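Dear colleague,

My findings follow directly after it.

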Amino acid sequence: ATCVSGLLLDRPLVISRKVNSNAPPRWILRAAVRIANILSPRMDAELECDHPRVLSPLCSTAQTIRKHVQKEDPVYLDEPQDEPHPDSAASLVADLKKRG
């Protein structure tokens, strides 16, 4: 099973050539999807179909992933979080360095 995050729409996007339309022109949507695919190659985006979608693997969606180490104070998710320093025991970067 794959865990993903994103948007699944039930109806097609209304893309209009009218200046007063709320949706951007088709060429801007296509360019935005191309740029997003460069930044997130595992993203699945299809906006010009009956059920538009923009999906990414859940792990590539996270801005920060933090693990809890028993020695540290508990982390409450409703409080503001800072990204841990790469050398901190709470950082996954430290684990990756050890394995690398």
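Does Arg53 count as buried, partly exposed or exposed? Arg53 counts as partly exposed, at 27% relative accessibility, where buried means under 20% relative accessible area, exposed over 50%, and partly exposed in between (1.4 Å probe, protein chains only).

Two remarks on conventions come first. This is a predicted model, in which local features need pLDDT of at least 70 and side-chain atom pairs count only at pLDDT 80 or more, while totals for chains, interfaces and linings use all residues. Residues are numbered from 1 along each chain as its sequence is written, and side-chain values use heavy atoms, with hydrogens and water left out.

Overall organisation

The protein has three helices and three strands, arranged along the sequence as β-α-β-β-α-α; these are DSSP runs numbered from the N terminus, with helices being H or I of at least four residues and strands E of at least two. Of its 100 residues, 16% count as buried. The protein exposes about 8600 Å², of which carbon and sulfur atoms supply 56%; accessible areas come from the Shrake-Rupley method with a 1.4 Å probe, and for residues only the protein chains shown count as cover. Among contacts (heavy atoms within 4.5 Å) between residues at least 6 apart in sequence, 40% join residues at least 24 apart.

Salt bridges

The whole structure contains three salt bridges, each defined as a side-chain nitrogen of Lys or Arg within 4 Å of a carboxyl oxygen of Asp or Glu. One of them joins Arg53 to Asp44, with the closest N and O atoms 2.8 Å apart. Asp44 is partly exposed, with a relative accessible area of 32%.

Arg26, Arg30 and Glu48 are linked in a network of salt bridges. Arg26 meets Glu48 at 2.9 Å, N to O. Because Arg26 lies in helix α1 (residues 26–39) and Glu48 in the loop between β2 (44–46) and β3 (53–57), this pair ties together parts that are 22 residues apart in sequence. Glu48 also forms a salt bridge with Arg30, the closest N and O atoms being 2.8 Å apart. Arg30 lies in helix α1 and Glu48 in the loop between β2 and β3, so this pair ties together parts that are 18 residues apart in sequence.

The largest nonpolar core has five residues, namely Leu29, Val33, Met43, Ala45 and Leu47. Such a core is a set of buried Ala, Val, Leu, Ile, Met, Phe, Trp, Tyr and Cys residues joined through side-chain atoms within 4.5 Å. Beyond its neighbours within four places in sequence, Met43 is in contact with Val33, Ala36, Asn37, Val54, Leu55 and Ser56.

Val4 has Pro57 in β3 as its bridge partner.

Leu7, Leu9 and Leu13 form a nonpolar surface patch with about 240 Å² of accessible area together. Patches are made of residues with over 30% relative accessible area and no salt bridge, with like charges joined within 9 Å and nonpolar side chains (Val, Leu, Ile, Met, Phe, Trp, Tyr) within 5 Å. Leu13 is placed in the loop between β1 (4–8) and α1 and is partly exposed, at 35% relative accessible area.

With kind regards

Methods: Pairing = 2+ DSSP bridges.
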